[in-house]
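Trainee: I would like to learn how to read helix packing and chain contacts. Can we go through an example together?
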Amino acid sequence: MPGLGATFGRGAATNYQQDMANSDCILFMGSNMAEAQPVGFRWPMKAKEKGATLIHVDPRFTRMSAVCDVHVGIRSGSDITFLGGLVNYVLTNDRWFHEYVLAYTNAATIIEEGFRDTEDLAGLFSGFEQATDTYNPKQGNWGYEGPPGDCAGDATPPAEPPQSGLGHEGHGLDGGSDPRIASPAPLSEAGRDPTLQHPLCVMQILRRHFARYTPDIVSQVCGCNPEEFLRVAELLCANSGRERTTMIAYALGWTQHTTGPQIIRTAAILQLLLGNPGRPGGGIMALRGHSTIQGATDISTLYDSLPGYLPQPLAGPEHETLHSYIEHKGQRTGYWSNFSKFIVSLLKAWYGDAATQGNDFAFSWLPRIDGDYSDMAYFDRMSKGGVKGYFLTGQNPAGGGPNAGLHRAGLRSLDWLVVLDWFETESATFWKNDPNAPPPSEIKTEVFLFPTAAAPEKEGSLTNTQRLIQWHNKSIDPAGDRRSDAWIIYNLGKRLKQLYADSTDPRDQPLLNLTWDYDFDEPPRLPDGTLSRIQGEPDLAKVLMEINGHRLDEIDPRSGKPRLLSSFAELKDDGTTACGCWIYSGVFPEPGRNRANERTITDNPFQPEWGFAWPNNVRILYNRASADPAGRPWSERKKLVWWDAEKRRWEGFDRPDFELTKPPDYQPPPGATGMAAIAGTQPFIMKTDGVGWLYAPSILKDGPLPVHYEPVESPVANLLYPLQQCNPTVRLFEGPLNPIAQAPTSEFPVVATTFRLTEHYLSGAMSRFNSWLNELQPAMFVELSPELAAERGIVHGGWMTIRTARGRIDARAMVTRRLKPFLIAGRIVHQIGLPFHWAFAGESVGDNANDLTAILADPNVSMHDCKAFACQVEAGRGGNSAPQPTVTTAPWPTLDPIPKTPASAQPEGRFGNGK
Amino acid sequence: MQTNSHRRGHSAEPPPIPGWGAGDGYAHTTITKAPQWHGGIAADALLNGLATGLFMAAAVSELALPAVFTSVAKVAYPMALVLLLVDLVMLVFDLGDPYRFHHMLRVFKPGSPMSVGVWCLAIFSLPLTAAAGLSLLAALGHDFEWARRIAVILALPFGFGSAAYKGVLLSTNSQPGWKDARWMGGYLTNSAILMGCAALLAVSAVMGQAQAVAILRTAVIALLIINVIPLGLLFANLQPTLARLFTRERRWRTGVLTFIAGTLIPLVLLLVGDGPVFVFAAVTSLLLGSLVIRFVYVMIPHTKPSESRAVSGT
Amino acid sequence: MGSREKELAALPQVVDPPPRGRLGAWIERLIYPFRRGKPPEPRPATGFFTDTTVCIGCKACEVACKQWNQLPSDGFHWTGKSYDNTEELSATSWRHVKFIEQFSRESAGQFPALDILPGEPQHNRWLMMSDVCKHCVAAPCHQACPTGAIIYNEFENVYIQADICNGCSCCVAACPFGVITRSSMGGHSHKCTLCYDRQRDGLEPACAKACPTQSIHFGPIDELRELARNRVEELHRRGMPGAYLYGDAATETYSELHSFYLLIDRPAVYGLPDKPFNQWLYMRGDYGRSIAGGLAAIAVLLVVLFLQRG
Amino acid sequence: MFGFSLSQKDKLSQEPFSVETLAKASRLRGATVAESVCPYCSVGCGQLIYSKGGALIDIEGDPESPISGGHLCPKGANAFQLAVNSHRVKNVLYRAPYSDHWETKTLDWAMDQIAQRVKSARDADFTERDEEGRLLNSVRSIGTLGGASIDNEENYLIKKLFCGGLGVVSIENQARI
């Protein structure tokens, strides 16, 4: 999330799962790790064994709360208040890590005159433009005081947000993608006040900004009581400092809010103040939902970002030419000063010889963004009939999309739809199985359902939640016409190239010149030595090599092909290097050495030879901060990397995330650029000023500091800023299919949140066709407190109806004390929890929680808010036509005897089989 | 039979389920699993007793008073054999996999009442068959009296064992009620002899063996009274479980009716007269009562405790 | 190729003899139960130790068990009993994760108690426990089995030989923990095999291997007991006085279990008998009463016979 | 004879082992094993995939993985049923406009059809510059949405073909959702 990017430089988990075992205290918030990532949760359990304290702050008492030491229930959507309260506690009680904060954050930096905080403007920052509901940081004087950075002084009209260069979990490319945002000057040049007394220095702004978040207000907004809050605050402070570290772990309970990035920002600020980032058992653990969410954002199948978090060029003069694009997107200082190398190498990787100095490396061939093409915006467009064709590659919006009803309406209004999937999911059968849709005879959409290969039937790499790239090998051939997604995309590309073969139209040149040769050199074999039966499968190792990058001007004698890059340090911007995704450089450093597929166990606890973590196989980001400014570990107990005075280089258990030979006492000369501008005491090398940002002068579109706004749909008024109910920059998608109950109403007085069950996966496409999982959680249900149940006459186990502005669903009532009413500003507010796994296709079907949710987008990454919305509940069924299973249950995966295996070794559970 | 049959498919309109938040979790759920033995086993228990009882009654009587009982015994043995075969067939088809009935003979396990029973029955059936066959031969005029005597003597201990194991099988286990039924064995074996004598009495009556009838009538009356003792003790064993499972009314009704049918009526009838009609009525009533007792007993673990106690409210 | 898992692939797999003719198969069927070889050499006794205090109720053990043994799904039935939709151990569910919600009524609508220090348990608890066959050292099911289908294998695990069982259900009636049932598919009794086939090849049982938080420990029973007792002391030190072991040692009425548990509430709450009792302690007496009842009747008969002797 | 003690030690070989029991062994012997990664969540647990004669026979955790140490969650443990599943589609299914049923089609036909669809949509809607004269070179009438469980290389190919090759702008992923 940009929340992390804006603060630390990279929008990725700072630490890795195994490191959680080294924490002295872990705060889980917006995460239900034990249920969503059970195997990852073994590391926190190890920490607990060693005496660490596990804290769970969550609206629901979950299976994780059950094993945590402390559980504090707070109302969904009040996270910033709780965290803000912690920040305030740390500041007012002087519990912050002075040396760390002074050296490694921008606490001392002075902000421009004229900046106005939400304190001064009743919930708005300076620079708000009513007309567009967006901020103009330039007008708002968000920047650092002192000479502005290179990219300043841009005065193009506000483009339609968001063109965040961040992707969902992107790098914090300073200067963001909003051309109006100035990139701050290096710290060396910006004004500083090491005494932290200057009224406009970040520390003072911070103190003023968070002064409101008192334990009392926290209690009133969150619904926990002050003692609970203070206990958490005390635990965090007591477990931070030189000797101890605290980690904060979050997941979609934070991201799926209209203030998601800002929630994460608040946590990041808290961690910087406590001095935890970059240290063992510290930092912020972002827990992703899926096997390669991280990879999908790194490689970026996101409309606004090219591989490696390079922003997709925008429509308009500033991105018309490569030069001006680099001018606007690149940076003068910090690691992003290498921007030109990344983009040129990408263009070379895509267009090969057709990309030359002469034609700007074919930069003009890249499509420009002239609006919001994010998933929700596009489906909104689709539902209004603006889209012809669509590809779904293993995605199920008809079941899992926010406001799934709108998503289905979108699919119904397509001309054609291509679905690549294993099962007949909701998105493949919306035209016949949707109980609340018009009959097929009224649905025009042409649907192609391609059966795809399962994981064991194909190879490729996945990037897990800790940026670790792991290769999975192919085990058997897929049966029938099943093919890997790669096969379908690759051969589609080949066919299209044929169709356009004789075109001379310039518009077709990108396709015709696209490098597209991934055929196997010799026919591929399966692990058992037999030849694969599949023809035309692309060699994904070649794709990974392209992603890793080559030196085009050198031939590797071993392969007779251009030499592979050993790291992105080798990249050039003169067209002599090609690289598909610069941050992945080093994953395939030499022929036949796929580091993602390396599985060597060493005695190094970081296991650096198991898979490859970007960047440069670093396992704990910004680990320079694990040593004090002089380069000595803060403490023996928390030793990670240090400056070795003899060897004159950085040493450590982990690979230092820093220039290996830059001494701690290095000070940049005036006017230094690139990495030379980063001092030896500045761990956050992706930042222009090399330090962690307590105050974010750029990147985020809804303010340099986090502010508590209520969710767009909330039964509660904003107690902190009564004049500003919800995020002023939030984007709504008006339309009959997406009504929003904005103002607090009595019509929808109950807070609803969605959640995940261990036994199911997302919309259920990968779990509701599986009888072994279905029997464990066979039906849609809703969790609610006995108090709410009594109030509405709802019976445990009986049916209940849940209504929102979008629609109504029926579900079984799970009346449990694991949910409790909250006392919000003197009045009781009820909350319910809805698992979002069910829909109308599969062995186990049920009403869909996502038929209740809305599409509305946070301004930074177009993220919806499925974690806090308003609803009404009643006893009994609402009379929906209940969906029926679309397939009959298969108790056994198969009853075929295991080949080449005697009866004595056949599975015991296939009763009567072979006996 | 299907272990989880009640859990198949989707329930459209679910019944309200009592909350699960009371904190005592599974404290009110029945832990053990019922063996799914139903009416078949009750009937089997009756047939087993009748067959072995009839044989033993005949054997004991013949050996003690050959002059009076030989002719009756010669009819009783084949009858016992038929009853036993019917019983064995029932046992086999009560198995989950009848084609594996012979696996029972794979081992002999004194610790397993079923194993003991099966072996007793198996061995018992051989001399019994011989005795029955020789009895029929005798009817055809080829009488090998000494041989039949030997067969009968050989069969006696195993016949007794076949009768004695059943109650132990039904009390040496963890089923609610059964596990407390210390006197089940005592009752079953006792009532086996009772039923046997009763059956023999009926046979004698049909054959018009006045002396045999006279003797057996006295014996049956005595046994009817004696049998009340193990029955009473068994009932005492079961009382707590029955109280948990059934309402007071139902317990009384069943109890009284079975006592009347199984003990009083036969007693009265036999005291009143000794004509075949009386005897038959008495024997039928006795068997009926005995069957009901066995049926109730077998059903105990298969009966759900009354809901109000089984669940806990939120 | 480090792990045992990978080494196995290299080992040879024996192959069944070619199928016989119809008659041959029929004869084989008759004599099969009587074929017997030399039992393997005893190995160190193995078992499970389930530490319920670290169970997160994920049910990985249930699925891992069904996957390895290829057990069928039991059908879908939402019970509303917390997250427990498996409900019971059976011929088709050899692992069963139980959920017990314990929330103080005082906390209704208000705030939970606060006098808890880190490390201390929540006042509000959600107990979870993965249940399985107890592999009793003196197992009633083993006692009851008339076919010898239920054996103690070389690991001293209680194992049902599915090729021998003929479905008499005596074991079902005998088990005081309600572990075994007879399947309608095949008609035989089934239960946890403690992954006998995996142990034979030096692998740990599927459930123990899968368990993410290592709530399920597998190993030599002596080591497990030591581990468990240390764990209990540790918990007592951390202010969990309620923690104790269930089934680690024999009682006067029941043998020790080779699958034992660390619990923090009374056994009944977890659906375990508070005081398990082995009925075979009664068997001798039951036979006695049975024989006495019979002899008494015969005695009466004899008396009558002699009295009536003309 | 009917003696019984709660701690009998002579258990073994009390009853005979059956032929099958004596031969008992795991089905993994002689299988082909491949190192893999769980396709579900983001933890990235190592999995070992066993096959025999081209059929999957078992999927379980890779004990060597420093990520998971051989452990799996219920979904990971279910990976076998996810792949070996009678509900999986085996051939290309095609639904004509306004039709109420699937038709089974050949892979080649379907590939050809979608290539045509993409071409005609692109040819019709490709825009070099918008009315303001800003450079676009984009196609806005078709898009892609990927799941976050498909491989990095597949994501790369999608982005490269659709963005770099065809000029499609709406290329999205679960990552946003």
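Trainee: Why are α1(B) and α8(B) called oblique to each other?

Mentor: Two packed helices are described by the angle between their axes and the distance between the axes. Here, α1 (residues 39-64) and α8 (residues 276-299) of chain B pack at about 135 degrees, with axes 8 Å apart. Angles under 35 degrees are roughly parallel, over 145 roughly antiparallel, 65 to 115 roughly perpendicular, and the rest oblique. α1(B) and α8(B) are therefore oblique. This is a predicted model, where local features need pLDDT of at least 70, side-chain atom pairs count only at pLDDT 80 or more, and totals for chains, interfaces and linings use all residues. Residues are numbered from 1 along each chain as its sequence is written, chains are lettered from A in the order in which they are written, and side-chain values use heavy atoms, without hydrogens and water.

Trainee: Which residues of α1(B) and α8(B) meet?

Mentor: Contact means heavy atoms within 4.5 Å. Among them, B:L46 and B:L50 in α1(B) meet residues of α8(B) including B:L291 and B:F295. The contact residues divide into 10 nonpolar, two polar and one charged.

Trainee: How many salt bridges are there between chain A and chain D?

Mentor: A salt bridge puts a side-chain nitrogen of Lys or Arg within 4 Å of a carboxyl oxygen of Asp or Glu. The count between chain A and chain D is 13. One of these joins A:D370 to D:R140, with the closest N and O atoms 2.7 Å apart.

Trainee: How many salt bridges cross the interface of chain D and chain C?

Mentor: Five. C:D201 pairs with D:R29, their closest N and O atoms being 2.7 Å apart.

Note on methods:
Axes fitted to C-alpha atoms, helices over the stretch in contact; angles between N-to-C directions. Helix = DSSP H or I, 4+ residues; strand = E, 2+ residues; numbered from the N terminus. Nonpolar A, V, L, I, M, F, W, Y, C, P; charged D, E, K, R; others polar.
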